[in-house]
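Try each task with the structure open, then walk through the solution.

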Amino acid sequence: MESFQHIDDKGYNWGLNMRNKSERVLDLLEKGPFLEQERDKARKITSKIQGFGSFCLKTSSEPEILQECNSEFKKEASFFLEEKIKTARLALTDVTPAQLLTEEATNGNPGEPDAHKLNTISMAAFEVDGYYRIVEIIHKRLVRFVLENWRASYKALIVLEHLLTHGPESVADEFERDIDVIKEMERFQHIDDKGYNWGLSVRKKSERVLNLLEKGPILKQERDKARKITRGIQGSDNFCLETSSSKQEILQECNSNFKKQASFFIKEKIKTARLALTDVTPAQLLAEEATNGSPGGPDAHNLKTITSAAFEVDDYYRIVDILHKRLVSFTLGNWRASYKALMVLEHLLTHGPERVAEEFQCDIDVITKMESFQHIDDKGYNWGLNVKKKSRTVLDILEKETLLKQERDEARKITREIQGFGNLCFETSSEQEILQECNLEFKKQSSSFLKEKIKSARLALTDVTRAQLLTEEATNGKPGGPDAHNLKTISKAAFEGDDYYRIVDILHKRLVSFVLGNWRASYKALIVLEHLLTHGPERVADEFQCDLDVITEMKSFQHTDDKGYNWGLNVRKKSERVLNLLEKGPLLKQEREIQGFGSSGVKSSSEQEIPQECNPELTHHKNQNETTVIETKTEKPVIIPTNPKMEKKLSIKSSSTSLEYSKQNVVPDELNEGICDSKPLLAGQKNEPVIKTPMALNRKCDPIVYEVICWW
C-alpha cells in the first residue's frame with residue numbers, strides 16, 4: 001500500500017493519504033520505542049480530557065443509571081429474541097410447547113423451574129406424544145451429568161420428582177435404567193462463590209427420587225398426598241386474587257397462543273403449496289425432515305406418523321428410498337443424517353410393516369461400517385458411542401428373527417399401556433370429556449378445511465381429477481367404508497376413458513398394499529371393486545385378473561379389533577364374493593342383470609319400465625307383447641319388477657302419499673310374475689313370463705315415492 005497511486009475526479013490525492021497512513025502503521029507494528037511513545041502520548045491526552053470535571057455535566061450516579069438501563073435493555077432484548085426463536089421453532093419444526101417448556105425448565109441456567117411449569121409439564125405427559133418428548137429430554141439431561149453441567153441434571157431431577165408424584169404411573173418404570181446415574185449424584189460436592197452448598201441439595205433430591213423409583217409404599221403415599229393437595233388448591237378459586245405476575249402470565253399466554261395460531265397457519269400454507277405444486281407426499285416431507293443433517297433427532301410423534309404412512313404402498317417406497325439414501329450418505333461424511341436414519345429404521349422394524357427387515361438387508365454392510373465410527377463434538381459429547389450402539393441394535397434386529405419378533409411384541413405392549421393413561425388426571429371427568437370433545441371437534445373442522453384446500457389446490461394445479469380424489473378417499477386406510485353416493489359417482493366416472501385408468505390404478509395399489517399389512521385399505525378397495533363389477537364397465541373383470549392371487553390371500557385373513565369386532569370375517573366374505581364375480585360366470589351376469597345393465601355396461605331401453613303418472617313428462621304405451629312400458633323424454637325407461645305371489649301388502653309411504661296394493665286388488669291380466677323364487681326375469685326372455693308394471697301403481701305420487709318404487 002506504500003506504492004499506491006490514486007487521484008479522484010476533483011483532484012484530491014488519495015494515494016498520498018494511503019502511503020502516509022501505511023507508513024505510520026508499519027512503524028507502530030515494529031513494536032519499538034516509537035510505539036511506546038505514541039501510547040504514552042495518547043494516555044496523557046486521555047487523562048487530560050477526563051480531568052475536565054468542572055465542565056463535565058455527568059455526575060457519578062449517572063454511570064450507574066446508564067449501566068442499569070443497559071442491563072434492563074439487554075434483558076428485554078434477550079427475552080424478545082428468545083420469544084422469536086420459540087415462535088420460529090414452533091412454526092418451522094415439529095417441536096411442541098410442552099417440549100420447549102421442558103427444555104427451558106431443565107437448562108443449565110441458574111434458577112429452578114416454578115410450580116406453573118411443573119404443573120404444565122405433568123399435564124402434557126398424559127398425552128402420548130408429549131409423554132415421549134418429555135421423557136426423552138429428561139433422559140438426556142440425566143445422562144449428561146458432569147461437574148460442569150450439574151445444574152441441568154439437578155433441574156431434571158426436580159421435574160422427574162414432580163412427574164413421579166403427579167404424572168402417569170409408567171414414569172417410574174421408564175426411568176429405572178437411570179438409577180445408576182442418579183446414584184452417582186448422591187456423591188456430588190459443590191459450593192458456589194457465595195458459600196451456598198449446592199452439593200447438599202443435589203444429594204437430597206437424588207436420594208428422594210431413588211426412594212420414589214423403588215415403587216414401594218412411599219410412591220403411593222406421595223401420589224395420594226399430591227392428589228389431595230391439588231384438589232384442595234383447585235377448590236380455592238374464590239380466594240385467588242390476581243396479581244401483577246398472573247396478569248403478565250395471562251398476557252404471555254395470549255401472545256403465545258396468537259403466535260402459535262399464526263405460525264400454524266403459515267406452516268400449513270407452505271405445506272399446502274408444496275403438496276399442490278410438486279409430487280411430494282406429507283409422509284415423504286416428514287421422512288426428509290426427520291433424517292436431515294441438522295442437530296436434534298426425530299421425536300416420537302414423527303416416528304409414529306412415518307410408521308403409519310409406511311403401510312401405504314406409495315408412501316412405503318418413498319420412505320424406504322429416503323432411508324437408503326441417508327444410510328449410503330454415511331460414506332460421504334454425513335454421519336448425522338445416517339444416525340437419524342438408523343433411529344427411524346429401528347422404529348420401522350419394531351412398529352412398521354414386517355417386510356422392512358427384508359428391504360434393508362442390502363444395507364447391512366453400510367450399517368456394519370458405522371460400528372467403528374468415532375466422533376466427539378466441541379462440548380466433549382461422544383456421538384460415536386451413540387452411533388455404534390444404534391448400529392449394533394439395528395444389526396441385531398436385522399440378523400436375528402427371534403429378536404425382531406420379541407421387539408415387535410414388546411413395542412405392541414408398550415403402545416397399549418401408554419394409550420391407557422389418564423386415570424390420574426386431576427380434572428373432573430365431565431370437564432375432561434368436554435375439553436376432549438371440543439378439541440376433537442376443532443381438529444375435525446380444521447382437518448376438513450385443510451383437506452378441502454388441498455383438494456382444491458390439487459385440482460387447480462395438477463392433472464388429478466375429481467374421480468381420482470374420490471377413489472383415493474374411498475379406499476384410504478382410515479376407519480369407515482365408502483358410502484353409496486361415492487360408489488355411485490366412482491362407477492359413473494369409470495365409463496370415462498381417463499377416469500377409468502386412474503380408478504383402476506388406485507385399486508391395484510390398494511389391493512397390493514394388503515401384503516404390507518394395510519388390510520383396511522384393501523378391504524375398502526374390495527368394496528369399490530365389487531360395485532364396479534356390478535355397476536361399471538364390463539372390462540373391469542378382465543382388468544383385475546392379475547390381482548386374483550392377492551384377493552385369494554385375503555380369504556385367510558384373521559383380525560379382531562379391541563372392541564371384539566371380527567373384521568377378518570368381513571374381509572373373507574367380501575374377497576370370496578369378488579372372486580366369484582371375477583370368474584365371469586353366470587353370477588356376474590346375473591348380478592349385472594339385476595342392476596339393469598346390459599352387455600354394453602349401460603341400461604338398455606327394453607329393460608325399463610316405470611309408472612306413468614309419477615312424472616308429468618312420461619309417455620305411456622304398450623308394446624307388442626302387451627307389456628306396460630313407460631318412456632321418458634330425457635332418460636330411458638326403467639323396469640319395476642313385481643311379484644303377485646306376495647300375500648302381504650306392499651306399502652310405500654312418504655310425507656304426503658301412501659301407495660298400497662295387494663294380490664286381491666290387482667287384476668291378473670294386468671301383471672305377470674316379476675321376481676320369481678329362483679331369480680329375477682327380464683322382458684323378452686323366451687318361455688318366461690313377461691314383466692309388467694302393476695296398474696295399481698300407475699297413480700299420482702310424489703318424486704320421493706317414485707324414486708323408492710324405481711329402486712324396489
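**Exercise 1. Salt bridges**

Task: Find how many salt bridges a search of the whole structure gives, then describe the one between Asp-299 and Arg-133.

Solution: 
- Step 1. Start with the rule: a salt bridge is a side-chain nitrogen of Lys or Arg within 4 Å of a carboxyl oxygen of Asp or Glu. Side chains of opposite charge can pair when their charged atoms come close.
- Step 2. The search of the whole structure finds 23 salt bridges.
- Step 3. In one of them, the side chains of Asp-299 and Arg-133 meet at 2.8 Å, N to O.
- Step 4. Asp-299 sits in the loop between α13 and α14 and Arg-133 in helix α6 (residues 128-143), so this pair ties together parts that are 166 residues apart in sequence. Helices here are DSSP runs of H or I with at least four residues, strands are runs of E with at least two, and both are numbered from the N terminus.
- Step 5. Now look at the cover. Buried means under 20% relative accessible area, exposed means over 50%, and partly exposed is in between (1.4 Å probe, protein chains only). Asp-299 has 7% and is buried; Arg-133, at 1%, is buried too.

A word on the source: this is a predicted model, in which local features need pLDDT of at least 70 and side-chain atom pairs count only at pLDDT 80 or more, while totals for chains, interfaces and linings use all residues. Residues are numbered from 1 along each chain as its sequence is written, and side-chain values use heavy atoms, with hydrogens and water left out.

**Exercise 2. Two more pairs**

Task: Which helices does the salt bridge between Glu-530 and Lys-574 tie together, and which residues form a network with Glu-161?

Solution: 
- Step 1. The side chains of Glu-530 and Lys-574 meet in a salt bridge of 2.7 Å, N to O.
- Step 2. Glu-530 belongs to helix α25 and Lys-574 to helix α28 (residues 567-582), so parts 44 residues apart in sequence are tied together. Both Glu-530 and Lys-574 are buried.
- Step 3. Salt bridges that share partners join Glu-161, Lys-205, Arg-208 and Glu-222 into one network.
- Step 4. Within that group, the closest N and O atoms of Glu-161 and Arg-208 are 2.2 Å apart.
- Step 5. Glu-161 is buried at 12% relative accessibility, whereas Arg-208 is partly exposed at 30%.

**Exercise 3. Two helices**

Solution: 
- Step 1. In α25, 17 of 17 residues are buried. The buried residues of α15 include Val-313, Tyr-316, Ile-319, Val-320 and Leu-323.
- Step 2. What covers the buried residues of α15 includes α14 (300-309), α16 (335-351) and α24 (497-512).

**Exercise 4. A histidine in a loop**

Task: Where is His-190 found, and which residues does it contact beyond its neighbours within four places in sequence?

Solution: 
- Step 1. His-190 is in the loop between α9 (179-184) and α10 (198-213).
- Step 2. At 26% relative accessibility, His-190 counts as partly exposed.
- Step 3. Contact means heavy atoms within 4.5 Å. Leaving those neighbours aside, His-190 is in contact with Trp-150, Tyr-196, Asn-197, Trp-198 and Gly-199.

**Exercise 5. The whole chain**

Task: How many helices and strands does the protein chain have, and what share of its residues is buried?

Solution: 
- Step 1. The secondary structure comes to 30 helices and four strands.
- Step 2. Of the 712 residues, 39% are buried.
- Step 3. A disulfide is a pair of cysteine sulfur atoms within 2.5 Å, and the search of the whole structure finds zero disulfides.
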